[in-house]
Amino acid sequence: YQRGELAAFERMYALLAPRLRQYLTSLTLNASTAEDLLQEAFLQIHRARHTYRPPHPVAPWAFAIARNVYRMERRSSGRPRRHEELAPESVPDLPVPAGADGLANRLAVRRALLQVPEDGREPLLLHHVWGLSFGEIGAVLGIRGGAAKVRAHRAMTALRRLLGAREEGREG
């Protein structure tokens with residue numbers, strides 16, 4: 001792709017677009033906004049293709065670009081995202097992290113994920129859904145790998161606690 005091969009771009013898009021769409025949806029909590037940001041992210045990937053350094057994995061580089069596109073959109077909107085209660089039918093199609101899918105049904109896990117603070121939810125999903133190492137997550141988020149690991153662990157603990165509290169609430 002760096003040499004201008006269209007087929008290489010198509011392969012890269014086919015592999016990365018679904019993952020980046022889910023990632024952006026997990027950040028925006030809105031599928032339509034995530035789709036718009038996905039297109040902008042690929043435009044930025046195209047513009048920045050010369051900055052990618054083989055043989056490093058392309059996914060962390062692409063996730064970092066997508067995250068920057070998201071952050072630029074939030075800054076340009078001039079307002080922080082409000083934490084609103086979503087209607088049950090409008091819970092975004094967040095991916096379910098490995099290790100949480102057995103705790104409750106997918107909808108319950110998605111609802112609980114919405115309650116996990118974003119600074120933990122993001123590394124949790126990057127690691128347990130998209131398979132990035134903590135070092136790669138640190139590079140994406142601009143933090144140390146150890147900090148990414150701590151945030152992901154705390155988020156998984158919070159997710160399990162939230163799902164456990166739901167289960168206890170149903171029994172009582």
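**Helices, pocket and aromatic cluster**

From the N terminus on, the elements of the protein chain run α-α-α-α-α-α-α. The model is predicted.

User: How many helices and how many strands does the protein chain have?

Analyst: Read from the N terminus, the order of elements is α-α-α-α-α-α-α. The count for the protein chain is therefore zero strands and seven helices.

User: What percentage of the residues in the protein chain is buried?

Analyst: A residue counts as buried under 20% relative accessible area. The protein chain has 172 residues, and the buried share of them is 40%.

User: What share of the contacts with a separation of 6 or more joins residues 24 or more positions apart?

Analyst: Contact here means heavy atoms within 4.5 Å. Of the contacts in the protein chain with a separation of 6 or more, the part from residues 24 or more positions apart is 64%.

User: Why does the end-to-end distance of α3 agree with its number of residues?

Analyst: α3 covers 58-77. Its 20 residues, at 1.5 Å a residue, should span 28 Å. The C-alpha atoms at its ends lie in agreement with that, at a separation of 29 Å.

User: Which elements are included in what covers the buried residues of α3?

Analyst: The buried residues of α3 include Trp61, Phe63, Ile65, Val69 and Tyr70. Arg67 is also among them. The cover over these buried residues includes α1, α2, α5 and α6.

User: Is Ile65 buried or exposed, and which residues is Ile65 in contact with, leaving aside neighbours within four places in sequence?

Analyst: Ile65 belongs to helix α3 and, at 13% relative accessibility, counts as buried. Setting aside neighbours within four places in sequence, the contacts of Ile65 are Ala41, Gln44, Ile45 and Ala48.

User: Which element supplies the largest share of the lining of the second largest pocket?

Analyst: The second largest pocket holds about 160 Å³ of space. Its lining includes Tyr1, Arg11, Met12, Arg49, Tyr52 and Trp61, and by class it has six nonpolar, four charged and one polar residue. At least two lining residues come from each of α1 and α3. The largest share, three residues, is that of α1.

User: Where is Leu29, and what is its phi?

Analyst: Leu29 sits in the loop between α1 and α2. Its relative accessibility is 22%, so Leu29 counts as partly exposed. Leu29 is a residue other than glycine with a positive phi, near 60°.

User: Is the peptide bond from Pro54 to Pro55 cis or trans, and what is its omega?

Analyst: Pro55 is in the loop between α2 and α3. The bond from Pro54 to Pro55 is cis, and its omega is near 5°.

User: How many aromatic pairs does a search of the whole structure find, and what is the geometry of Tyr1 and Phe9?

Analyst: The search of the whole structure gives eight aromatic pairs. For Tyr1 and Phe9, the ring centres are 5.2 Å apart and the planes are at 40°, so this pair is tilted. Tyr1 is buried at 18% relative accessible area, whereas Phe9, at 21%, is partly exposed.

User: What is the geometry of Tyr13 and Phe42, and how many residues apart are they?

Analyst: The ring centres of Tyr13 and Phe42 are 4.5 Å apart with planes at 55°, so the pair is tilted. It links distant parts of the chain, with Tyr13 in helix α1 and Phe42 in helix α2. Tyr13 counts as partly exposed at 25% relative accessibility, and Phe42 is buried at 5%.

User: Which residues form one aromatic cluster?

Analyst: Tyr1 and Phe9 make a tilted pair, and Tyr13 and Phe42 make a tilted pair. The one aromatic cluster consists of Tyr1, Phe9, Tyr13 and Phe42.

How values were computed:
Residues numbered from 1 in each chain as written. Predicted model: local features only at pLDDT ≥ 70, side-chain atom pairs only at ≥ 80, totals over all residues. Heavy atoms only, no water. 1 Å grid on protein atoms, 1.4 Å probe; cavity = no way out; pocket = protein on both sides within 12 Å on 5 of 7 lines; lining within 4 Å. Points joined across faces, edges and corners; volume = space filled by probe spheres on them. Helix = DSSP H or I, 4+ residues; strand = E, 2+ residues; numbered from the N terminus. Nonpolar A, V, L, I, M, F, W, Y, C, P; charged D, E, K, R; others polar. Expected span 1.5 Å × (residues − 1). Buried < 20%, exposed > 50% of the residue type's maximum accessible area, 1.4 Å probe, protein only. Phe/Tyr/Trp six-rings, centres within 6.5 Å; stacked < 30°, edge-to-face > 60°.
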